[in-house]
Amino acid sequence: MIEIRNLTKFYGHNAAVKNVSFNVNDNEILGFLGPNGAGKSSTMNIITGYLPSTSGTVLINGVDIAENPAAAKKQIGYLPEIPPVYQDMKVKEYLKFAAGIKGIKKRDRNAQVEDVMDKLKIKDMEKRLIRNLSKGYKQRVGFAQALLGNPPILILDEPTVGLDPAQVIEVRNLITSLKKNHTIILSSHILQEIQAICDKVVIISHGEIRAIDTIKNLEDSMGEGIVLHLTADGPREAVSYLIENTSGVLKIEDITYVKSNCYTYHIKIDNEDVKKELMSSLIKNDFEISDVSSSKPSLEEVFVRLTSKPAAKKSLNELLEEMDNNPDFNEEER
């Protein structure tokens, strides 16, 4: 289990991460989302022990990474966005070297290297120089390095960058299968990827947590209801009036011209039952319905709405408290 409590990181006077708290449960895949500059990389680097926090706590299966970094890091397999590979080493040679750095016993190294090469399908590249590999294969080698030692926790930053569509599917399936024995934090700009494999998401913007929930709950909570897309023949004014006066209709969001005397109405409604009532009312009034469908807010829409909100304004007392907690801000600078 990963526990993050009140994590804050200052660069000079600028707070990149502000009082971030969340948990990742055992055998859970958590999607970590945010726009560029949101604080994702800083947070992940602190969790993995590559960067110290200004304040706050990170516990890796109960071990404080600041107080006992060696024990905490031993439980983590980390794939940064730019894989930490040595260009002048061959694939198998590099993985054996990485196994040694991780403290894997010499007698076990070859078996573990063979295992991770099989999982990432890079066995046929084992004698190739890493510098001669494509970006996708370098990414796979970096992922294989993260799996060495079978760490219980995996931190994956953009694991499918540079892979072709077939490879993306293979790696997604691999991540899903790893959930049986690992706790995983996955950062990705590909929202479909997060939707496909994550149990829960954390959305961060301007260094602050904007949402922590399942994808379904986020999608359900962001809309005021369901959007109904209904195409009907009849005078626009008459059809619009009937729609607007149907119980459960919140508003007509948009009207699209289809052909003469035929329009598609995009209608926000309370629930699916309103659709039946609305269609029945239109038919009774001799308006022919040629097409109907409904949709809920997608993860993409949720992400845009949450991350486009401006950062919360702070009071003078809150700003002064941030300065007090920032060791880089001394009395002379005040």
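Reply: First, a term. A polar contact is a pair of N or O atoms within 3.5 Å; within protein, one must be able to donate a hydrogen and the other to accept it, and residues adjacent in sequence count only if both atoms are side-chain atoms. This is a predicted model, where local features need pLDDT of at least 70, side-chain atom pairs count only at pLDDT 80 or more, and totals for chains, interfaces and linings use all residues. Residues are numbered from 1 along each chain as its sequence is written, and side-chain values use heavy atoms, with hydrogens and water left out.

Me: What caps the N-terminal end of α6?
Reply: D164 does. One of its side-chain oxygens lies 3.1 Å from the backbone nitrogen of A166. Helices here are DSSP runs (H or I, at least four residues), and strands are too (E, at least two), numbered from the N terminus.

Me: Which residues of α6 are buried?
Reply: Q167, V168, V171, R172, L174, I175 and L178. Buried means under 20% relative accessible area, exposed over 50%, partly exposed in between (1.4 Å probe, protein chains only).

Me: What do the buried residues of α6 pack against?
Reply: β3, α4, α5, β7, β8 and α7. Contact means heavy atoms within 4.5 Å.

Me: Switching to α9. Which residues are buried, and which exposed?
Reply: V239, S240, L242 and I243 are buried. On the other side, E237, Y241 and E244 are exposed.

Me: And how many disulfides?
Reply: The structure holds 0. The cut-off is a pair of cysteine sulfur atoms within 2.5 Å. C198 is buried at 11% relative accessible area, and C262 is buried at 2%.
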